[in-house]
Amino acid sequence: MAKFQRKGKNELQAISTASLPDIVFMLLFFFMVSTTMRETTLMVRSQLPEATEVNKLEKKSLVSYIYIGPPIRQFQSLFGTEPRIQLNDSFKSLDDIRDFIASEREAMKEEEKPLLTTSLKIDKETRMGIVTDVKQELRKASALKIVYAARKAEK
């Protein structure tokens, strides 16, 4: 009687790598789309207060951020511990707020300019005096849509 023998008994079958580039590009595309880059470096402490009724902003491209709070440790030797105003990546004074709003409006399309929203990210330990001064400057700059940033209260 004849015996049947398998050819290549000890050989493993090769794994197809034809779909590997597709998978790599899908992962790359996913992370490119879902990752957001921080546009400004925070130079002030920004521990937001808690709120019970929190709404998420729909179109963040129409929002300009003003940060108010005490400088972080590495800037306290230069600027002290009193609350400061941060516009983009630098400390500014109250007089610079109008120029900031004007430059933000210039960067927008004409039909989006009335939709500009100013978000105030204020440290919860900051007194209302500087916040009131900022709001007065925003009123002079005709930036009347103001949103206070807060984090949702934990239950």
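1. Strands β5 (residues 117-122) and β6 run parallel and are joined by three bridges; strands are DSSP runs (E, at least two residues), helices likewise (H or I, at least four), numbered from the N terminus, and two strands pair if DSSP finds at least two bridges between them. L120 stands opposite Y148 in β6.

2. The model is predicted: local features need pLDDT of at least 70, side-chain atom pairs count only at pLDDT 80 or more, and totals for chains, interfaces and linings use all residues. Residues are numbered from 1 along each chain as its sequence is written, and side-chain values use heavy atoms, with hydrogens and water left out.

3. Five strands make up an open sheet of mixed pairing, in the order β4-β3-β2-β5-β6. Its edge strands, β4 (90-92) and β6 (146-148), each pair on one side only. Neighbouring strands are turned against each other by 35 degrees on average, direction ignored; axes are lines fitted to C-alpha atoms, for helices over the stretch in contact, and angles run from 0 to 180 degrees between N-to-C directions.

4. Strand β2 is joined to β5 by six bridges, running parallel, and to β3 by four, running antiparallel. S64 stands opposite T118 in β5, while G69 has R84 in β3 as its bridge partner. Six of the seven residues of β2 are buried, so the strand is largely enclosed by the rest of the structure (buried: under 20% relative accessible area; exposed: over 50%; partly exposed: in between; 1.4 Å probe, protein chains only).

5. Helix α3 (residues 97-106) lies across β2 (63-69), β3 (84-87) and β5, at about 155 degrees to β2. Helix α4 (residues 128-140) packs on the sheet and touches β2, β3, β5 and β6, its direction making about 170 degrees with that of β5. Contact here means heavy atoms within 4.5 Å.

6. The structure holds six salt bridges, each a side-chain nitrogen of Lys or Arg within 4 Å of a carboxyl oxygen of Asp or Glu. One of them pairs E137 with R98, the closest N and O atoms being 3.2 Å apart. E137 lies in α4 and R98 in α3, so this pair ties together parts 39 residues apart in sequence. E137 is buried at 9% relative accessibility, whereas R98 is partly exposed at 39%. R98, E137 and K140 are linked in a network of salt bridges.

7. Another salt bridge joins E50 and R151, with closest N and O atoms 3.2 Å apart. E50 is in strand β1 (residues 50-51) and R151 in strand β7 (residues 151-152), 101 residues apart.
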